[in-house]
Amino acid sequence: PPPMPPNGVPPSVPPMPQQQQPPPPPPQQQQPNGSSGGGKKGNKGNSSNGNGAAAPAPSAVAVKPVASAGLSNTSGEHNCFLNVAVQGLYHLRPFRRRLLSSDSGAVDAGEPSGAVSRALIEVFSAMDAARPSGPGGPASRKVVAPARLRAALAACGGDAFKLREMSDASEVMHVLYESLHRTFSKKREVADASSADAPPSSKGGFDEYDQMSLAHAELALDVEQYTQCRSCGAVETHLRYAKPFHLVHAQLLRNAKESARSRDTSFGSLLGAVEIQQKQGTDRTCSSCQRLNPVSERVHHAPSCLSLLVCWETQRAPTSDVATVASSLGLELELKEVFDLPPGACGKDGGSTYRLRAVACYAGSHYKAFCWQPMVQASAPAVADDESGESIARKPRILTARRETCATLEDGKWTCFNDDVSTVIGEWSEVVAQMKRESLQPLVLFYERS
């Protein structure tokens, strides 16, 4: 994309003129429930609003999204393409836990891929430190600077990630993935024998699935391309490789959405239709009877997290095209609607359902990220949802009238991250509305297996 104009600092909002306050009311007697009738404004224990009228009934449970840190992008740095990728990966909880629990001390920071991996761990650690200490605690306003990560990318990315120049979020996703694979893989001799700028090999190297690799286990599909002859029944495997990103062409997704018989067609069904369109013209000849057969894909390992890259025909798509793609995105993705899943592909639990956690968008030479934030109770004790110790309320609730949101899957709210500025959006429908309103083209979708 063309270079982004320098980010100007928004003018500060002038303070509101202070009005003369009325004298404080005389102290009131303590109420039986422990709250006073003349308490501080906003106290949900008050029984009146100060004018004698009854205050609305308090919510059963006070909830708010778990705060996450923003990432800096001062004037001229052009970090927005990197910030959305980091935010998306950070909000994939299984990946974040695995990366932060890795042995960062054994990482060779003198090697380009090791420097990128070490810098990414440092950014994640700083973002973790900026989170509130517990439910109901004050959210830190700390902003994390990805300067070391940007410098490490510039050192290993050649001309792609020069400092103080704009780049592409999908390209940085590839470099982060390959750097993590080279750093945290038992097959280090394969990585050391290949040059940093060598193209991936379909028979080995970085495309060969490695179950001991952090990047493969958490982010990559173990895919087998095969054909089954419709005449003689012969099954032939043509390719077996690690697939870190699933590519989706925006035009084909729009075609599938517009031709869907029902408005409630699942996102997985739309992607399955896109896969059929993308495979047209790729038939392979059967080695036994010489008949052409369509190519199918079978997934032998489903990772804990899945990333989809949306390929657009232009950097400035028409508003109608953006609206169609945004409306087709699904909060839930059923992997078996897209690929063949043999038994055991999804681990012991067998779950093949993925839930949307973040979306990286682009418009007007600038990137924004929308991330799902879990809800915590502000007044009730919380429990850790897993071994990470991340505090999530035992029975969180979103007290909204409309429930056709991410709350239909589990309770949470969506937040827009515009570099160091975060804004709580709320429901997924409001995120889609903002994409349409600002012509934000979704580029990277971050899913987490439930």
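1. Basis. The model is predicted, so local features need pLDDT of at least 70 and side-chain atom pairs count only at pLDDT 80 or more, while totals for chains, interfaces and linings use all residues. Residues are numbered from 1 along each chain as its sequence is written, and side-chain values use heavy atoms, with hydrogens and water left out.

2. Overall make-up. The protein has 11 helices and 18 strands. Helices (H or I, at least four residues) and strands (E, at least two) are DSSP runs, numbered from the N terminus. Of the 450 residues, 46% are buried; buried means under 20% relative accessible area, exposed over 50%, and partly exposed in between (1.4 Å probe, protein chains only). The exposed surface comes to about 22400 Å², of which carbon and sulfur atoms supply 50%. Accessible areas come from the Shrake-Rupley method with a 1.4 Å probe, and for residues only the protein chains shown count as cover.

3. Contacts along the sequence. Among contacts between residues at least 6 apart in sequence, 70% join residues at least 24 apart. Contact means heavy atoms within 4.5 Å.

4. Helix 1 against helix 5. Helix 1 (residues 80-90) packs on helix 5 (residues 169-183) at an angle of about 55°, and their axes are 8 Å apart. Axes are lines fitted to C-alpha atoms, for helices over the stretch in contact, and angles run from 0 to 180 degrees between N-to-C directions. The two helices are therefore oblique to each other; angles under 35 degrees count as roughly parallel, over 145 as roughly antiparallel, 65 to 115 as roughly perpendicular and the rest as oblique. The crossing of helix 1 and helix 5 is right-handed. A crossing is left-handed if the near helix is turned anticlockwise from the far one by less than a right angle, and right-handed if clockwise.

5. Residues at that crossing of helix 1 and helix 5. Helix 1 contributes Phe 81, Leu 82, Val 84, Ala 85 and Leu 89, and helix 5 contributes Ala 169, Val 172, Met 173 and Leu 176. By class, the contact of helix 1 with helix 5 has nine nonpolar, no polar and no charged residues. Ala, Val, Leu, Ile, Met, Phe, Trp, Tyr, Cys and Pro count as nonpolar, Asp, Glu, Lys and Arg as charged, and the others, Gly among them, as polar.

6. Tyr 90 belongs to helix 1 and is buried, with a relative accessible area of 0%. Apart from neighbours within four places in sequence, Tyr 90 is in contact with Ser 68, Arg 96, Phe 124, Met 127, Asp 128 and Arg 131. Between Tyr 90 and Ser 68 there are 9.5 Å from C-alpha to C-alpha, and the two are 22 residues apart in sequence. Ser 72 sits in the loop between strand 2 (70-71) and helix 1. Ser 72 has 15% relative accessibility and counts as buried. With neighbours within four places in sequence left aside, the contacts of Ser 72 include Asn 83, Val 143, Pro 146 and Asp 420.

7. Helix 2 against helix 3. The axes of helix 2 (residues 93-100) and helix 3 (residues 112-129) cross at roughly 110° and come within 10 Å. Helix 2 and helix 3 are therefore roughly perpendicular to each other, and their crossing is left-handed. The contact is made by Phe 95, Arg 96, Leu 99 and Leu 100 of helix 2 and Leu 120, Ile 121, Phe 124, Ser 125 and Asp 128 of helix 3. By class, the contact of helix 2 with helix 3 has six nonpolar, one polar and two charged residues.

8. Helix 10. Val 322 lies in helix 10 (residues 319-328) and is buried, at a relative accessible area of 0%. Val 322 touches Trp 312, Ala 317, Met 435, Ser 439, Leu 440 and Gln 441, not counting residues up to four places away in sequence. Leu 440 is 118 residues from Val 322 in sequence, with 7.0 Å between their C-alpha atoms. Buried residues of helix 10 include Asp 321, Thr 324 and Ser 328. The cover over the buried residues of helix 10 includes helix 8 (250-259), helix 9 (267-278), helix 11 (428-438) and strand 18 (441-449).

9. Positive phi. Gln 290, a residue other than glycine, has a positive phi near 65°. Gln 290 is in the loop between strand 7 (284-285) and strand 8 (292-293), and is exposed, with a relative accessible area of 54%. Ser 365 is not a glycine either, and has a positive phi of about 60°. Ser 365 is in the loop between strand 12 (353-363) and strand 13 (366-377), and is buried, with a relative accessible area of 5%.
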